[in-house]
Every structure is written in C-alpha cells, then in structure tokens.
Amino acid sequence: MTTALVSNPSTDVPAKEHGFSALGPADWSEYIANRPAYPPSFFQRIYDYHGHKSGVTWSVAHDVGAGCGIISSVLANRFDNVIVSDPNDGYGTIARDLLVEKALLPESKFSFLQEAAEESSVESGTVDMITACECIHWTTPDIAIREFGRQLRADGTLAITYYTRPLIEANEGASRAWKAIWGTLSKKNRGVLVDKAYNIANTALESLEFPEEGWETVKRIYINSQGTLDGFILDDRTSESKVKESEERIWVEDEDWCDMCDIEWFRAYYATWAPHIPKYEMRDSWEELERALEGKKVKVRTPNVMVLATRRA
Ligand SMILES: C[S@@+](CC[C@H](N)C(=O)[O-])C[C@H]1O[C@@H](n2cnc3c(N)ncnc32)[C@H](O)[C@@H]1O
C-alpha cells in the first residue's frame, strides 16, 4: 500500500541535527516503562473529533516523530495503513521491531520513513490523520504545520499533543523539591535546539499557529491544567500566543493522566528526560523529595495539551 503514497526521498539532503537524540541516545525501554502511557481516552478524543466529520475515511494515518512507535501501535488498530516517520537514525528499525516483531502487527500495514516533520515524501492529499505527539517542540512548527496540511486530505485531522512533567498533589515539601529538580534541569538545558523546544513547550503549544486559509475547527484541549497554563511553564523561555478567537479552548480534568508514585518512580521518570545531570548536582533536592515522600506514594497529575485541527477543504 503505502509505497504508492510515498515518493522517492531525495538522497542529497544534508545531515541535520534533530532534537531528542541530539541530547543523548534514547533508551526506549526506559521511555516506554516510565513515561505516562497514552490512555484510551487520549485516542478517543482524537477519534471522536475525526469521526464527527461527515464523509471522513480511516484509511491512512501518519505518525510523525513516531520514535519507537507507541502511537503508531494504537493507530494500527483503527487505520488500514500507518506511516511511521522519524528523522533520527535507527528509530525506524526500533519502531518496526516493536510493532511487527513484538506486537505482531502485520508488517503490510506500515511504512517506515526516516524523515523530519518539515519535509516528507508522503504524497499530497493522501492522509486521513496526522499525529505529532510529544515532538512538535523539536520541529519548526510553521513549516511542519504547512507540510501536514499538504499531506492531509480535505477534512483530514491533525492531532498535535504534548504532555509536560507531572505535578505532585497534596504534598508541599515534595512539590517544592520536584520543582527545584526541574528548575536545575531547565538551567542546564540550553542551546539553539533546546531553547526553541522550551519556547514552544512552555506555552502549552499556544505558540502554534493554524492559518485560517488552511485550517478550521481548531480545538485546544488542556488536560489536568486546572484552568491555567502554569503547569506547562518550566522557565521564562516563551513565545507569543497564536491562539485565534475562532479556536475553541477546552479544559478537562482527567484521572487517566494521574497516578500514585513513589521515589523510585520519580527517579526512573526523571531519567527519561535529558540532559542527565550528575546526581551530586541535585543531591539536596532529591534527598528533600525522598524525605517529603516518607516512603509513601504520592498522587501526580500530568498536564497534557491536545491540539486538533481540520484541513480545510
Ligand atoms: C519524545 S519522542 C516522542 C515519541 C512518540 N511520538 C511519543 O509520543 O512518545 C520525540 C521524537 O521527536 C523526534 N523528532 C525530533 N526532531 C524532529 C523533527 N524535526 N520532525 C519530526 N520528529 C522529530 C525524535 O526523533 C523523537 O523520536
């Protein structure tokens, strides 16, 4: 199938540094084990949005910035074909292994592309749904969003999502220590790529623009954000909001993005985010967190934003 949808990629594209792996080699087993699992309600929100439009089809999905294929694996149950793309070396192989060898999904459903969001070989107007989860901050969003619009069929759905680090509930000491740990990480996390990522992520994706000539029915769903963007703000790097009056903003509290966690989990979760800062640099904060938890689990809620948009016919 998808070979028909994909034209030959050019071979003389210069090597480019891409976010995520640039910060250190990704350990996908740690990532899968310790990042929040995307719950069924996450996919349901996207599918309801798509399904409510008349005449849409469920033929081809494109999972952009797919990493090891976490999102692709679920899309494969709903769509006939899934394009799994990621620009970083080796991720396609890891995704294929997870989807085909481990999850035993039929290989014929997938095509794997080593490509960035900004420039794809996928043919114009051939895709029903594009997902870009936890990756748009590594892209140049204006170019990526234009490129998504090119690939989508008329009335096709774009879902761009981003979750930030979880917040601790009902334990002030633990919250303070956790905040200090993330403050230290933010201070260390500097450079052109990372600054751009923070500029986008700190706005809860409000800096993403959907030009009205190309997009309609834009919905921004803020999960576990308690009516404010504060939970997304890690430091003062930011950019201008591009939210339009015509766009709908929806605030939802969702227990699916909450969990009970102990100190081991905090350590393992934190290790999935780069850069890895030597323990001694944050020893006081980690000790404070451990003391405040008193060997118990604490409730965490993860703020998550989902931006859904329809390619104008
Ligand atoms: C945190 S992982 C997200 C993986 C998966 N989508 C998920 O939701 O768990 C971020 C991914 O973005 C990819 N990435 C980095 N720069 C990109 C770009 N310009 N276009 C598309 N993906 C990019 C990385 O290679 C990495 O796989």
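Two strands pair if DSSP finds at least two bridges between them, and helices (H or I, at least four residues) and strands (E, at least two) are DSSP runs numbered from the N terminus. The model shown here is predicted, so local features need pLDDT of at least 70 and side-chain atom pairs count only at pLDDT 80 or more, while totals for chains, interfaces and linings use all residues. Residues are numbered from 1 along each chain as its sequence is written.

**View 1. Strand 4 and its partners.** Let's zoom in on strand 4 (residues 127–133), where seven of seven residues are buried (20 or more other C-beta atoms within 10 Å of a residue's own, C-beta atoms being placed from the backbone; exposed means 12 or fewer, and partly exposed lies in between). Strand 4 runs parallel to strand 1 (residues 60–64), joined by four bridges, and I130 of strand 4 is the bridge partner of H62. Six bridges link strand 4 to strand 5, again in parallel, with A132 opposite I160 of strand 5.

**View 2. Strand 5 meets strand 11.** Strand 5 (residues 152–163) pairs with strand 11 (residues 304–311) in the antiparallel sense, over seven bridges.

**View 3. Two helices, each with a buried side.** In helix 9 (residues 283–293), W286, L289 and L293 are buried. They cover an arc of only 60° around the axis, which puts them on the same side of helix 9 (the arc is that of the directions from the helix axis to the C-beta atoms). The face turned away from them carries the exposed residues R283, D284 and E287. Helix 7 (residues 192–201) buries V194, A197, Y198, I200 and A201. These fall within an arc of 165° seen down the axis, so they line one face of helix 7. V192 and D195 are exposed on the other side of helix 7.

**View 4. Around the ligand.** The ligand is surrounded by 22 residues, and the closest are G65, G67, A117, C135 and W138 (a residue is near if its C-beta atom, placed from the backbone, lies within 6 Å).
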